[in-house]
Amino acid sequence: EDQQQKPKVKQAEPVPRKPAVYVDVIRKEDIQKARLKLPILAEEQQIMETINENFVVILAGETGSGKTTQVPQFLYEAGFALKKQIGVTEPRRVAAISMSRRVAEEMNLSTREVSYLIRFEGNVTDDTKIKFMTDGVLLKEVQSDFLLSKYSVIILDEAHERSVYTDILIGLLSRIVPLRHKKGDPLKLIVMSATLRLEDFTINQRLFKNPPAVIKVNARQYPVTIHFNKRTNENYLKEAFNKAVKINTKLPDGGILIFVTGQQEVNSLVRKLRKTFPLRHKSKLLEKDEEMKNERDANYTSDDEDIENDLKKTLKKSKKLKIIPQIDLDDYSVPDDTENNSDTDLSDSEEDSQAPLLPITNAQPLWTLPLYSLLPSHKQQKVFEAPPPGCRLCVVSTNVAETSLTIPNVKYVVDSGKTKVKMYDKVTGVTSYVVDWTSKASADQRAGRAGRLGPGHCYRLYSSAVFNDTFQLFSIPEIQQKPVDDLYLQMKCMNIDKVVNFPFPTAPDLLQLKSAEARLETLGALKGGEVTALGRAVSKFPVLPRYGKMLALSHQQDLLAYTICLVAALSVQEVLLEVPILQTSPEEKKQIRQKWSATRRQWAGQGNSLFLGDNMVLLKAVGAAEYANSQGKLETFCAENGLRQKAVVEIRKLRQQLTTVIKNNVPESEVIVDPKLPPPTDLQAKLLRQILLAGMGDQVAKKISPEEVKEGEDKAKFKYAYHANNMEEPVFLHQGSVLKKTLPEFVVYQEIYETNKMYMRGVTAIEPEWLATYVPSMCNLSEPLLTPEPWYNPRTGKVHCTVSGTFGPQAWPLPNIEI
Ligand code: ADP
Ligand code: MG
């Protein structure tokens with residue numbers, strides 16, 4: 001009987017709704033409820049089956065469907081963390097930190113078990129089961145353990161962002177996964193993407209021989225109505241502000257999400273909106289409170305601090321009234337950016353300085369929150385919480401909110417259409433940040449944020465013509481718009497011999513690879529295509545290889561602390577401002593500039609210090625700023641001397657990081673960590689000039705002498721003109737360069753940039769006889785000359801002789817040198 005019944009029972013048995021659970025997770029009730037609403041939960045079984053049956057799985061799903069927070073949990077429950085770790089990479093630090101916290105909370109686990117690691121910071125322990133990290137961190141791990149043997153599964157999250165490191169990791173993992181399989185220790189790879197341009201991963205024969213399994217999670221996405229502006233106004237911040245005002249005064253309830261390009265824009269827009277829609281003006285119950293109303297009228301000002309004070313008062317009352325839940329006001333404050341150096345900054349507009357903002361009192365109070373990568377994470381967390389009752393949520397964000405973080409309850413999206421991109425100049429190899437139109441794909445992604453809970457609206461602050469004609473279909477993957485010197489070197493260090501043949505999802509162009517290789521050969525990091533000992537040392541530093549070389553050469557004369565400081569300062573953009581930003585008259589601006597350049601000339605000093613030039617100024621500026629900081633006067637100091645305050649803070653962090661790398665690699669090294677560095681001695685300044693030459697030997701320029709100026713040309717025009725070794729056109733000493741008085745014969749420069757002319761930035765004077773020693777690969781030297789006769793120096797034990805030669809592609813004659 002039994003035997004007859006069994007098949008029947010089997011047939012009747014429902015397909016298990018969940019895959020086998022090996023590890024129990026006990027979640028809080030409210031969290032479990034919220035999870036069950038996520039579309040991805042309905043797909044758990046299918047996802048886990050696909051992962052079990054395939055080595056590589058691509059999981060595509062709309063932002064907010066639950067990929068980042070849920071898939072690691074599925075894997076954990078299925079036992080993937082029993083013996084090894086579950087690794088999750090994020091292109092953004094924000095996401096690595098915030099997602100690790102969220103997942104720990106959802107799973108009721110400690111941050112010892114669900115941890116994060118970003119560059120030199122994290123809470124990973126021996127107990128870590130799920131590890132969120134930046135893609136750069138995992139790439140470094142591949143360098144020391146190519147098979148990634150401590151992981152059972154790697155999730156590459158946000159692959160659609162096409163960050164360089166994620167792209168390279170996909171390429172590497174496409175090889176690591178089969179290797180691990182061969183070893184009988186399989187590794188699963190899950191690539192998660194918000195559905196943009198999947199083909200680069202799926203139908204890329206070089207990447208995966210067998211196309212990987214693809215799962216699409218269908219998120220509930222409601223229709224979003226797109227509204228284009230009729231005209232495209234250059235001042236998108238003003239436009240964004242106006243649009244938010246209109247939404248809050250005219251449109252039904254629902255959160256607003258505004259996309260702008262950077263931290264400064266976010267903060268200034270937040271401040272402006274808070275002034276316009278202060279919290280205290282509404283909350284109907286409060287309004288009834290006579291006492292409060294009087295107080296409000298008596299105290300009204302539109303200053304930021306006053307708003308905060310008012311808020312504090314309001315909240316004190318409200319605690320009594322129990323209307324608004326207690327809010328930590330520190331979390332509602334916006335940092336004051338004193339370094340407003342963006343032309344599009346709101347506070348810069350004429351209108352703003354003349355007419356103070358008046359609060360709009362007949363509208364709902366707006367709970368306005370900033371969101372950007374560098375915002376402390378407890379403040380980022382605010383966007384996930386419900387606004388105080390009676391308030392409308394308004395989040396002003398960079399493109400972090402495009403896909404990395406999902407903000408609940410957004411009904412209106414305001415899209416500036418702009419994004420900050422890192423541009424790369426193929427001539428000089430130098431990068432800079434430029435605000436440009438985003439792509440159609442990411443504009444649509446932004447619009448999608450409005451349709452998570454119900455039908456929504458997206459207001460695009462540009463015309464449909466601009467969208468159709470100017471926007472690219474997709475953003476260019478990062479790998480195609482930056483110099484790949486550091487990647488090229490890292491890959492070489494991983495024994496990837498032919499970088500050209502590497503399975504990139506989208507390959508950088510050949511010229512990019514060739515010029516990176518050439519620069520690394522010049523530096524001496526590669527020799528005949530092989531990594532040198534110097535190259536290995538250089539690859540350890542999280543800065544450009546040319547700066548890494550400078551660090552690697554600085555082990556003498558207590559130089560290291562100076563090189564660290566200089567390299568950090570050179571790696572951070574726009575440390576010294578050239579033009580005052582505050583709204584001053586042209587005369588005042590001129591005065592301020594004169595004052596700044598007087599200070600900078602003074603910083604440059606004399607002798608070798610002066611020859612160190614713009615880089616000496618940079619060193620002194622950082623030292624002086626750190627001194628001011630130790631006195632609690634950083635802000636005033638920066639404002640008075642034209643330093644970008646945020647840059648000073650970034651430099652400090654980078655110095656700390658570089659110091660850590662050196663300590664980890666050279667344990668016996670003694671590096672001073674004191675940020676306020678005393679100025680270098682004359683000898684140290686000279687050595688720093690040589691070290692700069694060693695790092696920037698491909699960027700040498702030679703003064704154009706009056707005789708060289710062509711007949712008929714105005715000689716005066718060429719007073720500050722130089723020949724750069726790799727350029728036809730003349731380049732000029734910059735306006736603000738402290739070397740304009742000295743006009744040295746040979747210089748190295750940090751970068752060339754173009755405005756009306758080509759200018760050199762970051763200029764240091766060098767001696768031509770150093771070229772043969774520090775940039776030998778670019779010198780063409782004669783055999784040792786026979787006259788004068790070579791001579792033996794018994795003291796040094798060396799044979800001395802004289803060589804002559806030329807430097808660089810233009811064969812500049814070198815002075816005879818004794819070697
Ligand atoms: P995806 O990765 O598919 O974009 P996520 O897993 O990031 O989706 O988000 C799933 C849901 O979890 C979203 O609705 C989001 O609002 C919510 N969520 C994510 N992080 C937090 C957090 N820190 N606090 C509260 N809710 C969060
Ligand atoms: Mg995600």
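Which helix gives the most to the shell around ligand 1? Helix H4 does, with four residues. Welcome to this predicted model, in which local features need pLDDT of at least 70, side-chain atom pairs count only at pLDDT 80 or more, and totals for chains, interfaces and linings use all residues. Residues are numbered from 1 along each chain as its sequence is written, while chains are lettered from A and ligands numbered from 1 in the order in which they are written.

**Overall picture and confidence**

- The secondary structure of the protein chain comes to 30 helices and 28 strands; helices (H or I, at least four residues) and strands (E, at least two) are DSSP runs, numbered from the N terminus.
- Buried residues account for 44% of the 819 residues in the protein chain. Here a residue is buried if 20 or more other C-beta atoms lie within 10 Å of its own, exposed if 12 or fewer, and partly exposed in between, with C-beta atoms placed from the backbone.
- Among contacts in the protein chain between residues at least 6 apart in sequence, 73% join residues at least 24 apart. Two residues are in contact if their C-beta atoms, placed from the backbone, lie within 7 Å.
- The protein chain has an average pLDDT of 84, and 85% of the residues score at least 70; pLDDT is the predictor's confidence in each residue, from 0 to 100.
- Over residues 281-311 the pLDDT is below 50, and this stretch has 41 contacts in the model beyond near neighbours in sequence.
- Residues 337-355 also have pLDDT under 50, and for them the model has 43 contacts beyond four places in sequence.
- The scores for the model are ipTM 0.99 and pTM 0.75.

**Around ligand 1**

- Of the 16 residues around ligand 1, Lys-67, Thr-68, Thr-69, Arg-102 and Phe-384 come nearest; a residue is near a molecule or strand if its C-beta atom, placed from the backbone, lies within 6 Å of it.
- Helix H4 (67-77) and helix H5 (93-107) each supply at least two residues of this shell.
- By class, the shell has three nonpolar, 11 polar and two charged residues. Ala, Val, Leu, Ile, Met, Phe, Trp, Tyr, Cys and Pro count as nonpolar, Asp, Glu, Lys and Arg as charged, and the others, Gly among them, as polar.

**The six-stranded sheet**

- Six strands form an open sheet with parallel pairing, in the order S9-S16-S13-S10-S12-S11. Two strands pair if DSSP finds at least two bridges between them.
- At the edges are strand S9 (224-228) and strand S11 (366-371), each of which pairs on one side only.
- On average, neighbouring strands of this sheet are turned by 20 degrees against each other, direction ignored. Axes are lines fitted to C-alpha atoms, for helices over the stretch in contact, and angles run from 0 to 180 degrees between N-to-C directions.
- S11 and strand S12 (residues 392-397) are joined in the parallel sense over six bridges, and Trp-367 has Leu-393 in S12 as its bridge partner.
- Helix H10 (residues 263-276) lies across strand S10 (255-259), S11 and S12, and runs at about 170 degrees to S11.
- Helix H17 (residues 440-448) packs on the sheet and touches S9, S10, strand S13 (410-415) and strand S16 (456-460); the direction of H17 makes about 150 degrees with that of S13.

- S16 is largely enclosed by the rest of the structure, because five of its five residues are buried.
- Both faces of S16 are covered, with Gly-456, Cys-458 and Arg-460 on one side and His-457 and Tyr-459 on the other.
- S9 pairs with S16 in the parallel sense over five bridges, and Ile-226 stands opposite Cys-458.
- S13 pairs with S16 in the parallel sense over four bridges, and Val-413 stands opposite Cys-458.

**Pro-483**

- Pro-483 lies in the loop between helix H18 (464-470) and helix H19 (485-493).
- Pro-483 counts as buried because it has 21 C-beta neighbours inside 10 Å.
- Met-423 and Pro-483 are 60 residues apart in sequence and 9.7 Å apart in space, C-alpha to C-alpha.

**The three-stranded sheet**

- An open sheet of three strands has antiparallel pairing and the order S24-S27-S28.
- Its edge strands are strand S24 (779-781) and strand S28 (812-818).
- S24 and strand S27 (residues 802-807) run antiparallel and are joined by three bridges, with Leu-781 opposite Gly-805 in S27.
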